[in-house]
Amino acid sequence: FAGLADVSISEDIPVEGEITVPVGSRSPDEDYSTLDEPVRDTIMRDLKAVGKKFVHVMYPKKSSALLRDWDLWGPLVLCVSLALMLQGGSADSKDDGGPQFAEVFVIIWFGAVVITLNSKLLGGTISFFQSLCVLGYCILPLTVAMLVCRLVLLAGSGTVSFIIRLIVVVAMFGWSTLASTAFLADSQPPNRKALVVYPIFLFYFVISWMILTFTPQ
Amino acid sequence: IASLVMYLFAEFDDAANLLAANPDATTISIDEPSEIPKNQHGRLQEPGREEDDELLGTDDSDKTELLAGQKKSAPFWTFEYYQTFFDVDTYQVLDRIKGSVFPVPGKNFVRLYIRSNPDLYGPFWICATLVFTIAVSGNLSNFFIHLGKPTYHYVPEFRKVSIAATTIYAYAWLVPLALWGFLMWRNSKVMNIVSYSFLEIVCVYGYSLFIYIPTAILWIIPQKVVRWVLVMFSLCLSGSVLVMTFWPAVRDDNRRIALATVGTIVLLHALLSVGCLAYFFDAPELDFPAPVIPVHNGTTVITKSR
């Protein structure tokens, strides 16, 4: 099915799930080929799909590949790695430190669900899981920022390192918001676009705040 | 008989034509309930009557009831039912926010801006923004106050986000619920002219909280004078929106009950802002060059509003 990735469809037709093309000339045996193929092929196909979406996020163009074949593997991997990297922060005896692992998880997933519901209630034509997929994948720049922040903090935690971290986090926050807006804004009615973009902005702002205020012990 | 039937048909045609030509004309129809709200709506759109009806709200409860019943026709377990609460455009939301920040004396927020189209977008996202603004501003303010002290180690204080969320969402949803219940109860005893639906009350409360967002950001300034001036200022603005909304609804009641209701509304609002200031923002140190306001000024704020 690799050749189908280049097929483009008009933006205002809501699609979801996977596209299977019924090709008449196939024999019944070949329809079960994905059961018989080596496990490596199955895994590599999914990994390639996820990797392709990562590339789409880093260079957001108006492509509908992210929307058509949605999957939640990428967001899960990003969420888990972000939550893991946010551990090991300063934890006083009062336990008033940074967010716990579960809190990061809840914020990201609950936030994405609320934003999706919000855009659907405002009359958006995108499907539920497509929107979750886009919002999850667009956390990638912020995960990269978290990685950079941890590396910078290894070098030192003075004012210079703070300024570097601030610049990196702000840049990645802008990138995330622009990337997700590029994918999601088209599915909204035109006079409500700002109403849909603002919660996305708030969502990535909160994640950026968590990344920026991370202080190691 | 045929000619009688033809005559009757002609009459109906004429009536339909008349109605089409002049839709504002008041027609009496016996079995068409859907036409009545249309005519009332048309009547209220005449510019002269607007000014008179603003605060008096005559016939508004009828209009609200009928239009409300007409609008939300989808059953409550369908998605379309909840979509009716998000039927706002960007400019409408901005207008409502503007109306809550610049209250025009004499104009009722609900009549002027909500107009039987209460939305849940504004209250929900204003509360969400307020929660994170207070948490972030509190954190920043504490950071700047304690900066430079050798014993200070910065903590992000993430626990406070959940506390802020619980407080603000409880205020924005439970207080309107209590107020709505109270107004319904009083309505059954005293025939009030103006009555609000639960969603309109939630809407007013939600939009009236908007002024606290810039206030919370300005609370970062570590001067006690500035903070208390901000508390008074924002309380005046959002309190006046609430008072001007709810005074017409309780005015016809027993004088003491009306005053007590409005006083409680303002008191709770003041408690929210003072409580947030006290809990999320550490007091600036006394060695900062700021004139210290005696604490009892805070209590006179509360007693004054009674």
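Which helix of chain A holds A:I163? A:I163 sits in helix 9 (residues 159-184) of chain A. The complex is a predicted model, in which local features need pLDDT of at least 70 and side-chain atom pairs count only at pLDDT 80 or more, while totals for chains, interfaces and linings use all residues. Residues are numbered from 1 along each chain as its sequence is written, chains are lettered from A and ligands numbered from 1 in the order in which they are written, and side-chain values use heavy atoms, with hydrogens and water left out. The predictor assigns the complex an ipTM of 0.77 and a pTM of 0.73.

**Chain A: fold**
- Chain A has 10 helices and zero strands; helices (H or I, at least four residues) and strands (E, at least two) are DSSP runs, numbered from the N terminus.
- Of the 217 residues in chain A, 43% are buried, where buried means under 20% relative accessible area, exposed over 50% and partly exposed in between (1.4 Å probe, protein chains only).
- Contact means heavy atoms within 4.5 Å; among contacts in chain A between residues at least 6 apart in sequence, 77% join residues at least 24 apart.

**Chain A: surface**
- A nonpolar surface patch consists of A:F162, A:I163, A:L166, A:I167 and A:V170, which together have about 440 Å² of accessible area.
- A:I163 counts as partly exposed because its relative accessibility is 45%.

**Chain B: confidence**
- The average pLDDT (the predictor's confidence in each residue, from 0 to 100) of chain B is 74, and 68% of the residues score at least 70.
- Among the elements of chain B, the mean pLDDT is lowest in helix 2 (residues 35-44), at 38, and highest in helix 11 (residues 212-218), at 93.
- Residues 19-70 of chain B have pLDDT below 50, and this stretch makes 53 contacts in the model beyond near neighbours in sequence.

**Chain B: annotated spans**
- An unreviewed UniProt entry lists "transmembrane region" for residues 120-141, 161-185, 197-222, 228-250 and 257-281 of chain B; UniProt positions are given in the numbering used here, feature names are shortened, and annotations may be inferred rather than shown by experiment.
- Residues 120-141 of chain B are 95% helix and 0% strand, with end C-alpha atoms 31 Å apart.
- Residues 197-222 of chain B are 69% helix and 0% strand, with end C-alpha atoms 41 Å apart.

Conventions
Patches are made of residues with over 30% relative accessible area and no salt bridge: like charges are joined within 9 Å, nonpolar side chains (Val, Leu, Ile, Met, Phe, Trp, Tyr) within 5 Å. Accessible areas come from the Shrake-Rupley method with a 1.4 Å probe; for residues, only the protein chains shown count as cover. A salt bridge is a side-chain nitrogen of Lys or Arg within 4 Å of a carboxyl oxygen of Asp or Glu.
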